[in-house]
Amino acid sequence: ARLAGLIWLLMCVFGPIGQIIRSKLFVTGDMGTTAENIMSNAFLFRLGFVSDLVMMVLFLMLPLVLYKLFYSVNKNLSILMVVMVMVSVPINMLNLLNEFAAFHVLSGAEYLNVIGADQLMAEAMLSHDLYLHGYEIANVFFALWLVPLGILVYKSHFLPKFLGILLVVGGFSLFLEVFIYFLLPGYEAVNTI
């Protein structure tokens, strides 16, 4: 339980670092400012990227530790929880290539000299947009791992039942958010709620 708590705490440190850095560098709809932000803060961009990688490795370890904690509660739900994360993490890690592609396109690699500056900035924004869409796809499995975890917490006799309820509600809400994101673009306020 302590190891799971430590891993979760580290995820809560490394995960937000990448998100905060992205929010500072990527300016929606402003290719020029975004390109300037990325190139003038290359180390910061790389720090955010590596932070995301570390968070994904931690997230891969977390359900394995939780499995040991919950297998006596319900082995099948524990396995389902692990499988959902094992699907989510590779999708998310491969999707990070889209984020890094934005940096790579703007980095001035010699073979990219045949492309104009405006097109390079557009390619960088496209890569970032693909990253955002890929993140939502990975969220399908992130949402689905929360449901068995919540049921396990609820059924356990060593954690408060209300945490299990919140995890299940959070899982279903995130699952719904993914479908709102793709089916009803422009309803960001609903997604935020």
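Visitor: Which residues does F103 touch, not counting residues up to four places away in sequence?

Guide: The model is a predicted one, and F103 is found in its helix 4. Leaving aside residues up to four places away in sequence, the partners of F103 are I38, M39, A42, F45 and R46.

Visitor: Is F103 buried or exposed?

Guide: The cut-off for a buried residue is under 20% relative accessible area. F103 has a relative accessibility of 5%, so F103 counts as buried.

Visitor: How far apart in space are F103 and A35, C-alpha to C-alpha?

Guide: Along the sequence, 68 residues separate F103 and A35. In space, the C-alpha to C-alpha distance between F103 and A35 is 8.4 Å.

Visitor: How many residues are in the second, separate core that includes F103?

Guide: F103 counts as buried. The second core also includes F26, F45 and M121, and F45 is one of the residues that F103 touches. This separate core has 11 residues.

Visitor: Which element gives the most to the largest nonpolar core?

Guide: The largest nonpolar core has 22 residues, and those with the most contacts inside it are M11, F59, L62, L66, M81, W145 and L149. Helix 1, helix 3, helix 4 and helix 5 each supply at least two residues of this core. With eight residues, the element that gives the most is helix 3.

Visitor: Which residues does L66 touch, not counting residues up to four places away in sequence?

Guide: L66 is among the residues with the most contacts inside the largest nonpolar core. With residues up to four places away in sequence left out, L66 touches A4, W8, M81, W145 and L149.

Visitor: Why does L64 count as partly exposed?

Guide: L64 is found in helix 3, where it touches V82 and M86, not counting residues up to four places away in sequence. L64 counts as partly exposed because its relative accessibility is 46%.

Visitor: What separates L64 and L166 in space, C-alpha to C-alpha?

Guide: L64 and L166 are 102 residues apart in sequence. From C-alpha to C-alpha, the distance between L64 and L166 is 21 Å.

Visitor: Where is V140, and which residues does it touch, not counting residues up to four places away in sequence?

Guide: V140 has its place in helix 5. At 18% relative accessibility, V140 falls under the 20% limit and therefore counts as buried. Apart from residues up to four places away in sequence, V140 touches F175 and V178.

Visitor: What separation is found between the C-alpha atoms of V140 and Q119?

Guide: Along the chain, V140 and Q119 are 21 residues apart. Their C-alpha atoms are separated by 32 Å.

Visitor: Which element supplies the largest share of the lining of the largest pocket?

Guide: The largest pocket has a volume of about 540 Å³. Of its 17 lining residues, R22, H128, Y131, L132 and Y181 are the closest to the centre, and the elements that give two or more residues to the lining are helix 1, helix 5 and helix 6. The lining divides into eight nonpolar, six polar and three charged residues. Its largest share, nine residues, comes from helix 5.

Visitor: Which helix gives the most to the lining of the second largest pocket?

Guide: The second largest pocket has a volume of about 390 Å³. Among the 19 residues that line it, Q19, M55, M56, Y135 and F142 are the closest to its centre, while helix 1, helix 3, helix 4 and helix 5 each give two or more residues to the lining. By type, the lining holds 12 nonpolar, five polar and two charged residues. The most, seven residues, comes from helix 1.

Visitor: How many helices and how many strands does the protein have?

Guide: From the N terminus on, the elements run α-α-α-α-α-α-α. The count is thus seven helices and zero strands.

Visitor: What percentage of the residues of the protein count as buried?

Guide: The C-alpha atoms fill a box of roughly 60 × 35 × 25 Å along the principal axes. The accessible surface comes to about 10,900 Å², of which 72% belongs to carbon and sulfur atoms. Of the 193 residues, the share that counts as buried is 38%.

Methods:
Residues are numbered from 1 along each chain as its sequence is written. This is a predicted model: local features need pLDDT of at least 70, side-chain atom pairs count only at pLDDT 80 or more; totals for chains, interfaces and linings use all residues. Side-chain values use heavy atoms; hydrogens and water are left out. On a 1 Å grid over the protein atoms alone, a cavity is a set of points where a 1.4 Å probe fits but cannot get out, and a pocket is an open set with protein on both sides within 12 Å along at least five of seven lines; lining residues have an atom within 4 Å of a point. Grid points are joined across faces, edges and corners, and a volume is the space filled by probe spheres set on the points. Ala, Val, Leu, Ile, Met, Phe, Trp, Tyr, Cys and Pro count as nonpolar, Asp, Glu, Lys and Arg as charged, and the others, Gly among them, as polar. Buried means under 20% relative accessible area, exposed over 50%, partly exposed in between (1.4 Å probe, protein chains only). Accessible areas come from the Shrake-Rupley method with a 1.4 Å probe; for residues, only the protein chains shown count as cover. A nonpolar core is a set of buried Ala, Val, Leu, Ile, Met, Phe, Trp, Tyr and Cys residues joined through side-chain atoms within 4.5 Å. Contact means heavy atoms within 4.5 Å.
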